[in-house]
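Here is a short briefing to read alongside the coordinates. Have the viewer open, and let us walk through the structure topic by topic.

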Amino acid sequence: MTAYVLAPLVLTLIWILFFRMLRSADYPVPMSLAVAFVCIAQAGLWVSPLSAAGGLWFALAMALAASSALAFAERQDDARAIFALGGSLAAIQLADPSGDIVAALALPMLAGLPRARFSRNAGLLLVLLFIPCLTAIGMAWFTTQTHFNFAQWLARNSQISAASGFVESRSRASWVLFLAPLLPAIVPVAAEFRSRRSWSVLALVLSVVLASFATVLLQISRSPVIFMAALAPAIPASLAVWRPEDRRTLRVLLPPIASTVLSWIVVLAEFVPSVR
Amino acid sequence: MAVATFGGRRPRLYRHLPTLGPHCDGQLADARDLPFYLTHAVLPWSRSGDVLLCASASGDDGSANGLRLPQNQKAWFVPVGRAALHAAIERRFRTRLARNAAFALARAEPRLSAQRVVLPGQAMAFAGCVAAIGIASVLFPYGTAIVLTILLGLGFASNIVFRALLVWIGAAEFPHPEGRPDADDLPLYTVLVPMYREANMARHIVRSLNALEYPRTRLQVIFAVERDDDETYGALAEQRLPPHFEIIRVPPGTPRTKPRACNYALNFVRGEFLVIYDAEDRPEPDQLKRSVAAFRAAPDRVACLQARLNFYNRRGWLAVMFTLDYSLWFDFLLSGLDRIGVPMPLGGTSNHLRTSVVREIGGWDPFNVTEDADLGIRLAAKGYRVSVLDSTTFEEAADTLPNWLRQRSRWLKGYIQTWLVHMRDPLRLFRNVGWKGFVGFQLFVGGTFVSALLNPLLWMVFVVSALFGVEIFRDGDALVVARVSLAGLITGNALFIYLAMLGLVRRGWLHFAIYALTAPVYWLLVSIAGYRGLLQLLRRPFYWEKTHHGALADP
C-alpha cells in the first residue's frame, strides 16, 4: 500500500479519534466536527508524511493514547480503558523509535495512583505496565535475533520517500519552536488544572517533550516535525478536558484555530525555507 | 374412569370433614395422573363408601378439576401440609419418579443425552482421524508434525484471541434493569439445593437462604438429599426449618449425580422461577428480586439468568488463583458471550431458570457431570437465551490441591462430554445456534479442554529447547515446529496472565494482580486436571467426583 493511500487513511483515523474524544466530552456534533477539522489541519500532521519521518503513525498512536488516557482518568475500574491505555502505549512504542521513552515516561504519570492500599496501587501499575513491558521485551528480542526494528522500518516505509528531505529544520531553535502550537492548549488545561483528565493530557505532552529532548541528547536522528505531529492530539484532548459552560460558543474554536495557525507559521518559518 | 368436571361447579375443600388416615391407599392413585397430582398438589388418599378422600395441599378450590374418578364417585378434599403430601407422593411413586429423573431425557432425546459417551459414528470418525495422522506421521514425519503443530497452534491462538475479544465485549457496561418489583408483584420462587454428604454445611446454607430478601409466602426452598444420606438429613432437620423449607429424599439409583437429584426434585417445584444453589453458597440477599426484575424486563425467550460467582475464602495461592479464574470467567467472559449471543455454558450454581422451560426441555442430563454447561447449550439449541444476572453468589473455593483437582477434573470431563453430545450432529447444532453460536461453542467449550490438553505439549517443547537450545530441533523442519510451539506458548501464557489481571478490575481486587504472574503454573495444574478428566471419561464417565466443602463455612 503506497503512502498516497496510507497517509489519507491514517489522517482519517486520527480525525475520527479527535471527533470521538470531543463527543465523549459532550461537545455537540457540529462543534465536534468543526473542532476536529481544525485540529486535523495542524501543520505537523500534513508535513510529517512529506518528510523522511513516520510521524503520522506516531500521531495516530498518540491520539489513541490521549483518548484512552482520558477514559482511564474518568474510570479506573474500567477494564476497557486499562486495556486501551496499555495497548496504545504499546502502539506508541511500535510507531516510533522514541516510543519506548515516551511510554516509559508517560505510564507512571498517567497511572495517577488513587489513594489506596500499596498492594492495590502496585497491582494497578502492574496491569498498566504489562503490555508496554511485553512489547519492549518482544521488540528487543526481535531486534537482537533478526536485526529488524519495526519502528524504524515503519518510519522508512510509510511516507512519500520521493519527498525525503523536503522538510528540514533550519536551526537548533526548532527543537523548542515545535512546542509553540501547544500554547493555546494551556487555556483549557489551566481551566481544569485540578482534574485527573487534565493531568493525563499534561502527562502525555510532557512525556513526548522529554522524549524529544532525549533523542537530541542521545543523538537519535529524529525530526522535530515528528514530535509536532505527535503532539497534535493534545489540542482536541485539552478541549475534551475543558468544561466550558456553553460548548456551542465559538470561543471553543479559538484554541484549536490559534494552534493550527501557529503550527503553520512555525513550519513555514523554520522548517521549509525553500518554500518562501 | 371419567374425568371429573363436577358438572361445571368448582369443587370445594371440605375443611371439617374426617381427617385422613395415617396410610395412603396406593392403589387409588393412578400413575398416569402423576403430573396432575404434582401440579395441583392433590392425591387420592382413601375411599370411604362412595366418597374418595383426597389430600390437597394447594388451598385452591379449583385444584381437582380434571382429576380422574370412578363413575358416581364423589371426591372430598382434605387439606394437608405440602410436606406431608409430597412425602405421600414420594412413597407411592418413588420408583417411577427416580426412573424418570435418571432416564427421561435419554428416552425422549437420546442424541442429547451423555448416557452414551460416543456414538458409533463418532468413534469411527475419531478412529479415522487417528489412523490418518498415524499413516501421515510414518510417511511424512516432519510435514505431519508441522501441519499438526500449526493447526493446533492456530486453534490455541484463536481460543485465546476469542477470550480476549470476549473480555473486551464483556467489559462494556450492561444496561441492567433499574428498581425492584413490588412485593405484591413477586412470583412464587423455588430455591433448589441438592446436598450430598454435606451435613457440616446445613447451618450455613439455612442461614444464607434465610438472609434472602424475598417474601416467605412467595418462596419455596427444597433441599434434595439422597435417601441414604441420613447425616445431612439429620443436620438439616436440626435447623428448625421454617414452613417454606422442604426436604425431598432422593431414592438411591444410578447415576448418583447432582442432576439426577435436581430432576427428581423438579417434580415438586412449584415456583414460576427456579434457582439452584450449592450448600456452600452465599447469594447476595436481593438476588431473587433482581432476577425477577431482569426476567420481567427480558423477552420471553430468555429462559435462564446466570448470576456471577466468586469466592469468600480468598486466602492462599490456590484460592486466589481460583478467584482470578472465576472473576475473569463470570465477570467478563460470560458477559461477552451474552452480548454476542453465543450459547453460554452455565456455571454450577445460581442458575435462575423459568421452571416451565426446564420441564419443557426435559430437565438436566443426569449422565453429564457438568449438567449446567450442557443445559446452557441445550437451551440455546432450542431457541432460548441465557443472560447474565448482575448479582453475585459467593462460594467456597477448593483451596487444597487434591480437592481442586477433583473439581476441575470433573468440570473438564463434563466439558468433553458436552462437546461430544452436541457434536453428534454438527449440522443440526449449526442450524439451531447459527454460525456465531457454532463457532463460539467450538472455541469456548471445545477450546477450554483442548487448550488445557495442549498446554503441556507446548511446555515440553519449551523445556527441551531451554535445556538443549532450539538448535536441537535444527534437524530438518523440526525447528519450525519448535518455533511455532514456543510462540504459541509465550503469547498464550502472556495473554492468560494479562486477562487474569484484567479480570480483577471490575471488583477492584487489583491487590491480587501480582498472583496473575503465576498463571502459567495454574494453567499447568488445569492441564493435569484435564488429562485426569479425560482418563476418567474413558474409565468412569458418569462418576461424580465430590468436592469437599466446609472448611470455611462460617467465616
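In this predicted model, chain B holds an open sheet of three strands in the order β2-β3-β5, and its pairing is mixed. At the edges are β2 (42–48) and β5 (74–79) of chain B, each of which pairs on one side only. Averaged over the sheet and with direction ignored, neighbouring strands are turned by 30 degrees against each other.

- Strand β3 (residues 51–56) of chain B runs parallel to β5(B), and six bridges join the two.
- To find your place in this pairing, look for C54(B), which stands opposite F77(B) in β5(B).

**Two domains in chain B**
- Four residues on the domain 1 side are in contact with four residues of domain 2 of chain B.
- Helix α2 (residues 82–108) of chain B supplies the largest share of the domain 1 side, namely three residues.
- By residue class, that domain 1 side has two nonpolar residues, one polar and one charged.

**The eight-stranded sheet**
- Chain B also has an open sheet of eight strands, ordered β8-β7-β6-β9-β12-β11-β13-β10, again with mixed pairing.
- The edge positions belong to β8 (245–250) and β10 (282–283) of chain B; each has a single partner strand, so one side of each has no neighbour in the sheet.
- Strand β7 (residues 219–226) of chain B and β8(B) run parallel and are joined by six bridges.
- Within that pair, I222(B) stands opposite E246(B) in β8(B).
- Helix α6 (residues 230–237) of chain B packs on the sheet, where it touches β6 (189–195), β7 and β8 of chain B, and its direction makes about 150 degrees with that of β7(B).
- Helix α11 (residues 371–381) of chain B lies across β11 (302–311), β12 (351–354) and β13 (385–395) of chain B, at about 160 degrees to β13(B).

**A pair of packed helices**
- Helix α4 (residues 141–170) and helix α9 (residues 317–340), both of chain B, pack with their axes 7 Å apart and at an angle of about 80 degrees.
- That angle is why α4(B) and α9(B) count as roughly perpendicular to each other.
- On the α4(B) side, the contact residues are R163(B), L166(B), V167(B), I169(B) and G170(B), while those from α9(B) include F332(B), L333(B) and L337(B).
- Seven nonpolar, three polar and two charged residues make up the contact of α4(B) with α9(B).

**A buried phenylalanine**
- F449(B) sits in helix α13 (residues 426–468) of chain B.
- Is F449(B) buried or exposed? With 24 other C-beta atoms within 10 Å, F449(B) is buried.
- Beyond neighbours within four places in sequence, F449(B) is in contact with L412(B), Y415(B), I416(B) and G530(B).
- The C-alpha atoms of F449(B) and G533(B) are separated by 9.6 Å, although the two residues are 84 residues apart along the chain.

**Where chain B meets chain A**
- How many residues does the contact take from each chain? There are 16 residues from chain B and 16 residues from chain A.
- On the side of chain B that touches chain A, the elements giving two or more residues are α4 and α14 (478–502) of chain B.
- Of these, α14(B) gives the most, with four residues.
- This side of chain B divides into 13 nonpolar residues, two polar and one charged.

How values were computed. Residues are numbered from 1 along each chain as its sequence is written. Chains are lettered from A and ligands numbered from 1 in the order in which they are written. This is a predicted model: local features need pLDDT of at least 70, side-chain atom pairs count only at pLDDT 80 or more; totals for chains, interfaces and linings use all residues. A residue is buried if 20 or more other C-beta atoms lie within 10 Å of its own, exposed if 12 or fewer, and partly exposed in between; C-beta atoms are placed from the backbone. Two residues are in contact if their C-beta atoms, placed from the backbone, lie within 7 Å. Two strands pair if DSSP finds at least two bridges between them. Axes are lines fitted to C-alpha atoms, for helices over the stretch in contact, and angles run from 0 to 180 degrees between N-to-C directions. Angles under 35 degrees count as roughly parallel, over 145 as roughly antiparallel, 65 to 115 as roughly perpendicular and the rest as oblique. Ala, Val, Leu, Ile, Met, Phe, Trp, Tyr, Cys and Pro count as nonpolar, Asp, Glu, Lys and Arg as charged, and the others, Gly among them, as polar.
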